[in-house]
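Please examine the sequence and the model shown below. The briefing that follows is arranged by topic.

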Amino acid sequence: MAGRADMSDRRIVRKFRRRKLQRFSHISSIEEPLGQPKKKRRSSSTETTEDKKGRGDSISIQVFPPELLYYIISFLPVKDVVALGQTCRYFYEVCDSEGVWQRICRRLSPRLRDENSGGSRPWKRSAILNYTKGLYFQMFSGRRHFVSKTVAPLLSHGYRKFLPTKDHVFILDYNGTLFFLKNALVSSTMGHIQWRRACRYMVLCRSAKDFATDPRSDTVYRKYLYVLATREQPVTAAVGRSSEGSSPAGSGRLCDCVEVYLQSSGQRVFKMTFHFSMKFKQIVLVGQETERSLLLLTEEGKIYSLVVNETQLDQPRSYTVQLALRKVSKCLPHISVRNMHSNQSSAVYLTDEGTVYFEVHSPGVYRDLFGTLHAFDPLDQQMPLALSLPAKVLSCALGYNHLGLVDEFGRIFMQGNNRYGQLGTGDKIDRGEPAQVHYLKCPIDLCCGLNHTLVLSQSGDFSKDLMGCGCGAGGRLPGWPKGSASFVRLHTKVPPCARRICSTRECLYMLSSHDIEEVPAYRELPASKAGVAPSDTEAMAARACEEYLSQLHKCPTLEGRMAKMKEAVGSMPLMTFQKDFFWEALDMIQRAAEIQEAPAPS
């Protein structure tokens with residue numbers, strides 16, 4: 001009896017296996033992997049009886065209606081949809097269709113049901129923008145140094161730009177909505193009351209084009225927020241009229257205006273409206289509070305300016321301001337400015353042709369940037385000064401007395417004061433002309449602080465690294481409290497879709513929002529423009545190693561030698577994982593040496 005029972009059990013197991021194979025036999029016929037030729041299929045009229053028996057009752061996923069597949073796939077997370085599209089050609093076409101991304105976008109952002117981001121793939125772009133959006137920050141003070149995430153406004157459509165102020169953070173999305181992220185007291189999981197940054201939000205204004213605040217890196221000076229927006233004005237409204245109060249009602253033309261808000265409360269205290277023929281796209285600030293200059297860039301590439309006294313903005317009154325053409329547009333009417341960057345006493349203009357023009361208002365800053373006062377004219381501070389570079393400049397970052405430039409080949413050039421090593425050249429020698437940082441290329445973003453520089457770069461394994469150099473006081477360079485004269489990898493976790501960085505006196509911010517419409521901006525460097533021959537490069541590297549060896553001999557302590565060795569590793573043209581290996585090995589050697597030198601317990 002036991003033998004018959006075993007035989008029947010084995011028959012049941014075999015029967016179950018046959019049914020299981022028949023049920024999943026259609027999966028192998030979905031599609032061949034990418035890169036392999038498709039197998040020629042026979043039509044249904046030529047199918048044999050054996051084929052039908054072997055196929056059983058299974059149904060291929062290819063016979064499903066597209067709407068049903070879109071509905072099923074739309075419930076997957078975005079990263080799983082991307083992974084599914086990489087399995088085979090059929091799923092790539094299905095997962096790349098706008099029908100799938102439209103359903104995903106409606107699930108992520110229900111308010112975008114009837115609008116999209118534009119471009120060739122509007123729904124896919126909208127879905128990825130809202131899936132990857134996030135603002136992360138890391139405090140420099142306190143015992144625990146980790147990356148936190150701010151509150152994400154549900155109404156926002158991606159993140160385009162952000163600015164931290166004295167007490168709060170402001171974010172502009174791709175629909176032109178400006179959000180006000182507030183700091184507040186909240187209850188923690190343990191039941192305690194704690195102060196949290198950017199944990200609540202509200203809509204400050206809509207139809208915003210750009211916004212700016214005091215350009216200094218210390219957020220204590222950022223009292224007001226200047227918003228460039230579009231408002232509907234009555235046809236009878238006075239041209240160039242400035243007043244305080246609510247916007248006029250009634251239909252009329254769309255006019256650009258600048259609205260000034262208190263950063264502490266979000267209250268609007270001032271508004272200036274321009275003629276409807278003036279269309280602007282960017283605003284920056286220059287100068288002190290009593291004589292604040294607003295630089296406005298038009299859509300045609302011309303720059304206008306007006307002067308405002310911030311100390312009198314909270315006084316309700318009405319007067320007319322004078323909008324004048326900036327001297328860079330007067331002297332060079334043929335150029336078209338693409339974007340602007342400013343600081344307390346200087347401004348930089350980038351043209352469509354990739355040229356750079358300076359405007360420096362302080363003799364001390366001029367000396368730090370150019371190393372001389374030869375061409376400085378205190379009576380004509382708006383005179384533009386051209387900066388010579390061998391290639392087209394794509395982006396720029398301006399600090400108090402130093403700046404960074406990135407050309408079309410991804411090369412980084414630094415210029416200005418180098419007292420703390422903020423130029424990343426491996427030394428502390430000032431540069432009056434752009435000096436290339438040879439071991440760092442193709443940055444995602446560049447940020448120049450008060451006396452340090454940050455670079456967001458892409459590593460080889462599709463992750464991102466945050467590199468920094470200069471003064472490390474106050475935790476500005478996480479993991480490097482003594483600073484570094486070369487760019488070193490900072491001890492902070494970078495979000496995978498980070499695209500913008502900003503450093504203040506108290507905090508490090510990282511903006512995450514991936515835009516599929518942004519194409520790679522860098523080109524391959526031709527051999528004819530390499531500039532430095534291989535033999536010269538080797539000679540420069542040899543001299544740098546000799547200099548570091550001489551500095552190592554002068555270091556009296558082990559800690560100083562380890563710090564200098566880490567700085568030397570950071571200046572070498574190594575891969576990111578190689579630098580991480582050497583830095584970790586040096587840390588291990590230093591810890592082992594400290595344990596051996598520690599006195600034995602009595």
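Thr492 lies in the loop between strand 28 and strand 29 (498–503), where helices (H or I, at least four residues) and strands (E, at least two) are DSSP runs numbered from the N terminus. Thr492 counts as buried because its relative accessibility is 11%; buried means under 20% relative accessible area, exposed over 50%, and partly exposed in between (1.4 Å probe, protein chains only). This is a predicted model, in which local features need pLDDT of at least 70 and side-chain atom pairs count only at pLDDT 80 or more, whereas totals for chains, interfaces and linings use all residues. Residues are numbered from 1 along each chain as its sequence is written, and side-chain values use heavy atoms, with hydrogens and water left out.

**Surroundings of Thr492**

- Leaving aside residues up to four places away in sequence, Thr492 touches Gln138, Val147, Leu466, Leu508 and Met510; contact means heavy atoms within 4.5 Å.
- Thr492 and Gly479 are 13 residues apart along the chain, and their C-alpha atoms are separated by 8.2 Å.

- Four strands form an open sheet in the order 25-26-27-28, and the pairing is antiparallel; two strands pair if DSSP finds at least two bridges between them.
- Strand 25 (443–448) and strand 28 (484–489) are the edge strands, each pairing on one side only.
- From one strand to the next, the twist averages 15 degrees.
- Strand 26 (residues 452–458) and strand 27 (residues 464–470) run antiparallel and are joined by seven bridges. Ser457 has Asp465 in strand 27 as its bridge partner.
- Strand 27 and strand 28 also run antiparallel, with three bridges between them. Met467 has Arg489 in strand 28 as its bridge partner.
- Five of the six residues of strand 28 are buried, and this strand is mostly covered.
- In a regular strand the side chains alternate between the two faces of the sheet.

- An open sheet is formed by four strands in the order 12-13-14-16, with antiparallel pairing.
- Its edge strands are strand 12 (280–286) and strand 16 (324–325), and each pairs on one side only.
- Strand 14 (residues 303–308) and strand 16 run antiparallel and are joined by two bridges. The bridge partner of Ser305 is Ala324 in strand 16.

**Helix 7 and its packing**

- Helix 7 (residues 122–132) is largely enclosed by the rest of the structure, because ten of its eleven residues are buried.
- The buried residues of helix 7 include Trp123, Lys124, Arg125, Ile128 and Leu129. The buried residues of helix 7 pack against helix 6, strand 1 (134–139) and strand 30 (507–512).
- Two packed helices are described by the angle between their axes and the distance between the axes.
- Helix 6 and helix 7 pack at about 35 degrees, and their axes are 8 Å apart; axes are lines fitted to C-alpha atoms, for helices over the stretch in contact, and angles run from 0 to 180 degrees between N-to-C directions.
- Helix 6 and helix 7 make a left-handed crossing; a crossing is left-handed if the near helix is turned anticlockwise from the far one by less than a right angle, and right-handed if clockwise.
- Glu98, Trp101, Gln102, Ile104, Cys105 and Leu108 in helix 6 meet Pro122, Trp123, Lys124, Ser126, Ala127, Ile128 and Tyr131 in helix 7.
- By class, this contact of helix 6 with helix 7 has nine nonpolar, two polar and two charged residues; Ala, Val, Leu, Ile, Met, Phe, Trp, Tyr, Cys and Pro count as nonpolar, Asp, Glu, Lys and Arg as charged, and the others, Gly among them, as polar.

**Helix 3 against helix 6**

- Helix 3 (residues 66–73) and helix 6 (residues 98–108) pack at an angle of about 40 degrees, with 9 Å between their axes.
- Helix 3 and helix 6 are therefore oblique to each other; angles under 35 degrees count as roughly parallel, over 145 as roughly antiparallel, 65 to 115 as roughly perpendicular and the rest as oblique.
- The crossing of helix 3 past helix 6 is right-handed.
- Glu67, Tyr70, Tyr71 and Ile73 in helix 3 meet Gly99, Val100 and Arg103 in helix 6.
- The contact of helix 3 with helix 6 has four nonpolar, one polar and two charged residues.

**Lys271**

- Lys271 lies in strand 11 (residues 268–273) and is buried, with a relative accessible area of 5%.
- Lys271 and Val258 are 13 residues apart in sequence, and their C-alpha atoms are 5.8 Å apart.

**The chain as a whole**

- The protein chain has twelve helices and 30 strands.
- Of its 602 residues, 45% count as buried.
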